Amino acid sequence: MPQFHLQTARLDLRELTLDDTAFTIALLNSPSWLAFIGDRNVHDDAQATLYLQNGPLRSYELNGFGLLRVSLRETGLPIGMCGLIRRAGLSHPDIGFAFLPEYEGKGYGFEAAMLVLADARDRLALPEVLAITMATNPRSIQLLLRLGLKAAGLITLPGELEQLQLYRWVTSDPLPAPFA
């Protein structure tokens, strides 16, 4: 089965595979992931395989979308994840992104997220995309606003205690150029 693939001048986004376990371990244990997303208890190849099988790979099958591996086009080096996630408690899929520390603050998150939003509108024909983040994550909030998402209040997901900030993008709203 051919893999789903998106591209910019600098980045390749593709479905994660079981060959991505080492990268998954590194990303899921990076300081930003642990601080703003949480410990997923993924510390070895077996745990990474389970995470990939039960998370992104299952989402591709069930939803036709999921978190994608973001790599540098020039080298193929994986630097982050970005994609859509279907979560209990949210009326529409939400966009998520995380990057290895050495690739944060270089515009890769914006570039990857713009592709994911354009795909949500064009291929998936979703009416809207949501995003959730902690109030203590100013970089994520800044990126969501730059992408054109608008604050939509606070939400607590089922089974969770922490209140999160909710953002919303209606796909009929324009994307920043050149993705409009």
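Aspartate 119 is buried, with a relative accessible area of 11%. Buried means under 20% relative accessible area, exposed means over 50%, and partly exposed lies in between, with a 1.4 Å probe and protein chains only. This is a predicted model, in which local features need pLDDT of at least 70 and side-chain atom pairs count only at pLDDT 80 or more, while totals for chains, interfaces and linings use all residues. Residues are numbered from 1 along each chain as its sequence is written, and side-chain values use heavy atoms, with hydrogens and water left out.

**Helix α4**

Aspartate 119 belongs to helix α4 (residues 108-122). Helices (H or I, at least four residues) and strands (E, at least two) are DSSP runs, numbered from the N terminus. Aspartate 119 is in contact with Phe4, Leu6 and Leu124, leaving aside neighbours within four places in sequence. Contact means heavy atoms within 4.5 Å. Most of α4 is covered: 14 of its 15 residues are buried. From first C-alpha to last, α4 reaches 21 Å, close to the 21 Å expected at 1.5 Å a residue. That expected span is 1.5 Å times one less than the number of residues.

**The cores**

The largest nonpolar core has 52 residues. Helix α4 gives the most to this core, with 10 residues. A nonpolar core is a set of buried Ala, Val, Leu, Ile, Met, Phe, Trp, Tyr and Cys residues joined through side-chain atoms within 4.5 Å. Leu13, Ile95 and Leu147 touch the most other members. Not counting residues up to four places away in sequence, leucine 147 touches Phe110, Ala113, Met114, Leu117, Leu175 and Pro176. Another core, of 8 residues, lies apart from the largest one; Leu130, Ile132, Met134 and Leu164 are among its members.

Why is β3 largely enclosed by the rest of the structure? 6 of the 6 residues of β3 are buried, so the strand is largely enclosed. Leu67, Arg69 and Ser71 point one way, and Leu68, Val70 and Leu72 point the other way. Strand β3 pairs with β2 (residues 11-15) in the antiparallel sense over 5 bridges. It also pairs with β4 in the antiparallel sense, over 5 bridges. Two strands pair if DSSP finds at least two bridges between them. Valine 70 in β3 stands opposite leucine 13. In β4, glycine 80 is the bridge partner of valine 70. β3 and β4 form a hairpin with 5 residues between them, and glycine 76 in the turn has a positive phi of about 80°.

**Helix α1**

6 of the 8 residues of helix α1 (residues 21-28) are buried, so the helix is largely enclosed by the rest of the structure. Those residues are Thr21, Phe23, Thr24, Ile25, Leu27 and Leu28. They pack against α2 (31-36), α3 (45-63), β3 (67-72), β4 (78-85) and β5 (94-99).

**Charges over rings**

A charge sits over a ring if NZ of Lys or CZ of Arg is within 6 Å of the ring centre and within 35 degrees of the ring normal.

| Charged residue | Ring | Distance to ring centre |
|---|---|---|
| Arginine 123 | Phenylalanine 4 | 4.0 Å |
| Arginine 146 | Phenylalanine 110 | 3.7 Å |
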